[in-house]
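Here's a quick briefing to read alongside the model. Have the sequence and the 3D view open as you go.

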Amino acid sequence: MPDTLPDIEVFGQRRKPNGTFPQRGGGSGGGGLGDEGGEHQNEVGENDPPPDQIDPCADPETALPWNADAAGAAAVPKFLLKAAEIGFADAPNGVPTLLNREYGSFLVRGSGQSVETNQVTPGDVRDQTNPNWVSTLTIDPTGVTVANYQGDVHSHPNGNELPSQADWDGFMANNRAARESGRTGETFYMYIIAVSQNCGPPTVRVYQDGPRAANSPDPARPTEVGPEVNPDAQPVSNSLTCRLCAGFGLILLSASCASAYAAGEARHQTADTERWPYTQLVAENSLGHRLEISTEAGAFNHATATLNVDGQTWRVADSECPRFRAALDAFQALPPLKPGPALVLPGASAERPMPPYRPHGERWTIRAHLYAPDWSSMEVEMRGSQGPYAFWLTDTVAAIRACGPPAG
Ligand SMILES: [Zn+2]
């Protein structure tokens, strides 16, 4: 990874340094609704063609952020519609407002470079008397897979334009799942809709992550607000007053590219925080053995083991070592683990059976991610000498050593 940030190119429908939003130039149909007209979303260089001849939809690399921005901005009227559906609590006197709770949707990639949002999830009612209130909004993932996930959009009823640390951690975890599935060349987007506290129009800000390797360290949470996205999808303009927040009858769709393109590659981004190794299981034992099992993005059901014992190193891939392959198959059959306390686990009783006991079991420390059945995950460090995971590690060390001589 480079040590410094590359020159930042501006893509999408974001406010430029001179205060204007880009408008879709050239091309055909589906023209943008930019405010100043004729400007392209990229910084314009000396040798670039005139801005009004550049169509962001003509290039996959610029079409996807253009469409993602359109979907992020178009979430505002969708959220207002949901507020209107909820009724009096969120639409007092028939005027829907986003002040009463958070709303959220996933960004979903469609065919080509198209991006949509899935259904809108409303959060719990905000306690406006409590400045420390935190929403428990849990965005419904209906229709979203690691293959079509492109990010998320959610509102902040308190007007905060920055992602919280929790927002950022969740965004990183979701992006990692997509990258692990092979989408290391893509960028993922998070839109924060900051709700005006005096009934003005909300502000839409974009934060992004990628492209980068699946096992690269996560970038730190931004401490400066992200670029402002063209609010053309918003049903109100700066000059309208509070009574016109009821814009749900005036929904506009922001400009998006209609055509399909092949997936585009993009740029690098530096990262400066280190977290649990996402694509690895790392285990160390009381004898000084260290076993690392790592995977490669998109290579499902394959892994490489790196084993260090007494200054010697083995490095084997499952495709080369049948005994390591068998160990991976055994790993897949290991039982799930539940966190305690034991007395409240299902089946706990005074007659519950004793587990098998290995008096001289090696004591292992394991770092990995634990996955729930819905594929949500938590970082975990486990320590112990007993049970199927500790036994499996000891057996796997023996299997790898039997694959052949150490590499060094
Ligand atoms: Zn948030």
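How far apart should the ends of helix 4 (residues 387–401) be, at 1.5 Å a residue? The 15 residues of helix 4 should span 21 Å, and the end C-alpha atoms are 22 Å apart, which agrees. Keep in mind that this is a predicted model. The chain has four helices and twelve strands, and 34% of its 408 residues count as buried.

**Helix 4 and overall packing**
- Helix 4 has these buried residues: A390, L393, T396, V397, A399 and I400.
- Take the contacts between residues at least 6 apart in sequence: 66% of them join residues at least 24 apart.

- In soluble globular proteins, nonpolar side chains tend to be buried together.
- Here the largest nonpolar core has 41 residues, and A75, F79, L107, Y191 and I193 have the most contacts inside it.
- Back in the largest core, Y191 is among the residues with the most contacts. Leaving out residues up to four places away in sequence, Y191 touches G72, A75, V153, V204, R205, V206 and V229.

- Six strands make an open sheet, in the order 10-9-8-7-11-12, with antiparallel pairing.
- Strand 10 (312–317) and strand 12 (377–384) sit at the edges with a single partner strand each, so one side of each has no neighbour in the sheet.
- On average, neighbouring strands of this sheet are turned by 15° against each other, ignoring direction.
- Strand 7 (residues 280–285) and strand 8 (residues 290–294) run antiparallel and are joined by five bridges. Within that pair, L281 stands opposite I293 of strand 8.

**The strand 11 and strand 12 hairpin**
- Strand 11 (residues 364–371) pairs with strand 12 over eight bridges, in the antiparallel sense.
- One place to look is T365, whose bridge partner in strand 12 is R383.
- The two strands form a hairpin with five residues between them, and W375 in the turn has a positive phi of about 75°.
- Is strand 12 buried or largely in the open? The number of buried residues among its eight is zero, so strand 12 lies largely in the open.

Technical notes. Residues numbered from 1 in each chain as written. Predicted model: local features only at pLDDT ≥ 70, side-chain atom pairs only at ≥ 80, totals over all residues. Pairing = 2+ DSSP bridges. Axes fitted to C-alpha atoms, helices over the stretch in contact; angles between N-to-C directions. Core = buried A, V, L, I, M, F, W, Y, C linked by C-beta atoms within 7 Å. Buried ≥ 20, exposed ≤ 12 C-beta atoms within 10 Å, placed from the backbone. Contact = placed C-beta atoms within 7 Å. Expected span 1.5 Å × (residues − 1).
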